[in-house]
Amino acid sequence: MSYSVIYSTHTDNAVKLASRIVTALGDQELVFDGRAAGCPDFALEADTVFVGFWTTANSCDKLIQNLLAKLKGKRIAIFGTCGFGSDQEHFDLVRKNVLSFVDPSTTVAGFYLVNGRIGQGFVHQALESNGAEGEDFHYPNYRRFYQEDAGHPTAAELEACAAWAQQVYRA
Ligand SMILES: Cc1cc2nc3c(=O)[nH]c(=O)nc-3n(C[C@H](O)[C@H](O)[C@H](O)COP(=O)(O)O)c2cc1C
């Protein structure tokens, strides 16, 4: 058995999850661990590919959309963080949107999604834009999201991610 961990990240929350996955599974069967940008083709040949994303437009970014399109007939597991809501409804929406990019020939062995802290710089930028019309529609909620997401992913969530990866990989 072999595995790869391939991710896209804006503020490194995905890196935290990715490194816990690699620590949990060890590096003996590891084919590739790194970013989707410039990811070599051999990384996609692993028996299980862990795909990590950050949430934008309540979905995964283009890099992960393109990666998922390339993963045909594969066994994959998807992990990521979101920041604009911590309720089940929001998690379900993000999950549904991300899964819509998975090729029908591919098996999704697991999906792990938790909140990830939003960078302070981003919040400042959003607040400075003063919520002008045409700005990101999430603007009025940035302060709340910033507070809700602080400290995420937590130590417990990283532990749970490691346990999830082991369960997915050994299944
Ligand atoms: C430009 C930008 C857009 C975002 N859009 C969303 C979004 O649409 N929905 C959401 O739940 N979170 C959104 N977030 C929050 C991030 O997905 C969240 O902070 C995540 O943990 C970032 O992961 P990363 O650190 O791996 O990049 C956005 C963050 C940024 C910076």
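Mentor: A strand, written E, is a DSSP run of at least two residues, and strands are numbered from the N terminus. Please keep in mind that this is a predicted model.

Trainee: How many residues of the shell around the ligand are charged?

Mentor: The ligand has 19 residues around it, and His 10, Asn 13, Trp 54, Gly 83 and Gly 116 come nearest. In the shell, 7 residues are nonpolar and 11 are polar. The charged residues number 1.

Trainee: Is Glu 29 buried, exposed or partly exposed?

Mentor: Glu 29 lies in the loop between helix H1 (13–25) and strand E2 (30–35). A residue counts as buried with 20 or more other C-beta atoms within 10 Å, and as exposed with 12 or fewer. Because Glu 29 has 14 such atoms within 10 Å, the class is partly exposed.

Trainee: What radius of gyration does the protein chain have?

Mentor: The C-alpha trace spans about 50 × 30 × 30 Å along its principal axes. For 171 residues, a compact globule would have a radius of gyration near 16 Å. The protein chain agrees with this, for its own value is 16 Å.

How values were computed
Residues numbered from 1 in each chain as written. Predicted model: local features only at pLDDT ≥ 70, side-chain atom pairs only at ≥ 80, totals over all residues. Helix = DSSP H or I, 4+ residues; strand = E, 2+ residues; numbered from the N terminus. Near = placed C-beta within 6 Å. Nonpolar A, V, L, I, M, F, W, Y, C, P; charged D, E, K, R; others polar. Rg over C-alpha atoms; globule rule 2.2 N^0.38 Å.
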